[in-house]
Amino acid sequence: MAFKSLLSVAGADHSDRDVRTAASLCAEVGAHLSVLILSPPPLVMSPPPLSDGISEWPRQRAHAIAALEKPYRQIERFSQDAASLEKTSRQIHKLLRATWRCYDVDVVNCDQASVGDAVRQRALCNDLTIVGPALLNDINLGPLVINGSLFDTGKPVLVVPEGAEATLSPRRVLVGWDSRAEASRSVREALDLLAGAEEVRVALVDAEATWTGNRKPGADIAAYLTRHGARVSVDLLASAGKSAATVLAQHAIVTSADMIVMGAYGNRRLRERLFGGVTRWIVRKPSLPLFLAR
């Protein structure tokens, strides 16, 4: 599909590099950019024990003071977050006025439980969500944004790790294929990218050991992509005891791929675990963009 509207999510304490990345992608394909700025979720901290300095106070008095301090701290934090959001918004408006004028910026001051829904509402009305290095490396906000944009919308996400060159016109693309619905959706969402690439390699890991069809593994998806104008070859890879993700990452490096297209798996209970696995893989293994769909 053609990407006419991209979503970039940033934390109020992030730099502007993720927005710059998204703006350059919009300029590349002539798309509208929607920017969502979120207040950082508070760190969960256990309340400190009563110190010796107040041990002589009556317990009910200490509890009363704590009860008064809690709403005060909440109001103080809300004011600080609102000021931080406003400052970041002004900076991003200034950046985009100078680089890409087809945009809108929205700010949301929400708690941790509301982040996913705030992102979901915006992602539903955009073609693609861009997750840049700053968001990817934010262990508090990053997983919540991935959950809201990928798992709750059916829309794709482009992960751009540190040091990767972001583009929506890749020359060489590696497609991870396993005949699952998620892999099929990722291919469908990336059709324009695949049709415009110079080379598309469909990689299947240990497919011959489990294949039960009459045709060669990968032949059907290769034929489908060819009908859409893609230049396709099929690579059958052996895992040799490694995970499929590791095998795909290594093969992407060997074939000089500019991007990996693959399905994202996992159910609601495993979301955080899946995100952690993807993050570790992207940050520590291949330094190239990952196009995900669910």
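Welcome to this structure: Ser 8 is buried, with a relative accessible area of 1%, where buried means under 20%, exposed over 50% and partly exposed in between, using a 1.4 Å probe and protein chains only. This is a predicted model, in which local features need pLDDT of at least 70, side-chain atom pairs count only at pLDDT 80 or more, and totals for chains, interfaces and linings use all residues. Residues are numbered from 1 along each chain as its sequence is written, and side-chain values use heavy atoms, with hydrogens and water left out.

- Ser 8 sits in strand E1 (residues 5-11); helices (H or I, at least four residues) and strands (E, at least two) are DSSP runs, numbered from the N terminus.
- Leaving aside neighbours within four places in sequence, Ser 8 is in contact (heavy atoms within 4.5 Å) with residues including Asp 18, Val 19, Ala 22, Leu 33 and Ile 130.
- Asp 18, Val 19 and Ala 22 are also among the buried residues of H1, a list that includes Leu 25 and Cys 26.
- The 13 residues of helix H1 (residues 17-29) should span 18 Å at 1.5 Å a residue, and the end C-alpha atoms are 19 Å apart, which agrees; the expected span is 1.5 Å times one less than the number of residues.

- An open sheet is formed by 10 strands in the order E3-E2-E1-E4-E5-E10-E9-E6-E7-E8, with mixed pairing; two strands pair if DSSP finds at least two bridges between them.
- Strand E3 (103-108) and strand E8 (232-237) stand at the edges with a single partner strand each, so one side of each has no neighbour in the sheet.
- On average, neighbouring strands of this sheet are turned by 25 degrees against each other, direction ignored; axes are lines fitted to C-alpha atoms, for helices over the stretch in contact, and angles run from 0 to 180 degrees between N-to-C directions.
- Strand E5 (residues 157-159) and strand E10 (residues 290-293) run antiparallel and are joined by 3 bridges; Leu 158 has Phe 291 as its bridge partner in E10.
- Helix H9 (residues 219-227) packs on the sheet, where it touches strand E7 (199-205) and E8, and its direction makes about 160 degrees with that of E8.

**Leu 193**

- Leu 193 belongs to helix H7 (residues 191-196) and is buried, at a relative accessible area of 4%.
- Beyond neighbours within four places in sequence, Leu 193 is in contact with Phe 3, Leu 168, Pro 170, Met 259 and Phe 291.

**Two serines with positive phi**

- Most residues other than glycine have a negative phi.
- Ser 179 has a positive phi of about 65 degrees and lies in the loop between strand E6 (172-176) and helix H6 (181-189); at 46% relative accessibility, Ser 179 counts as partly exposed.
- Ser 256 has a positive phi near 55 degrees and lies in the loop between helix H10 (244-254) and strand E9 (259-263); at 41% relative accessibility, Ser 256 counts as partly exposed.

**Confidence**

- The protein chain has a mean pLDDT of 82, and 76% of its residues reach 70 or more; pLDDT is the predictor's confidence in each residue, from 0 to 100.
- Over residues 43-57 the pLDDT is below 50, and this stretch has 5 contacts in the model beyond near neighbours in sequence.
- Residues 268-276 stay under 50 in pLDDT, with 11 contacts beyond four places in sequence.
- Where pLDDT is low, the predicted coordinates should not be read in detail.
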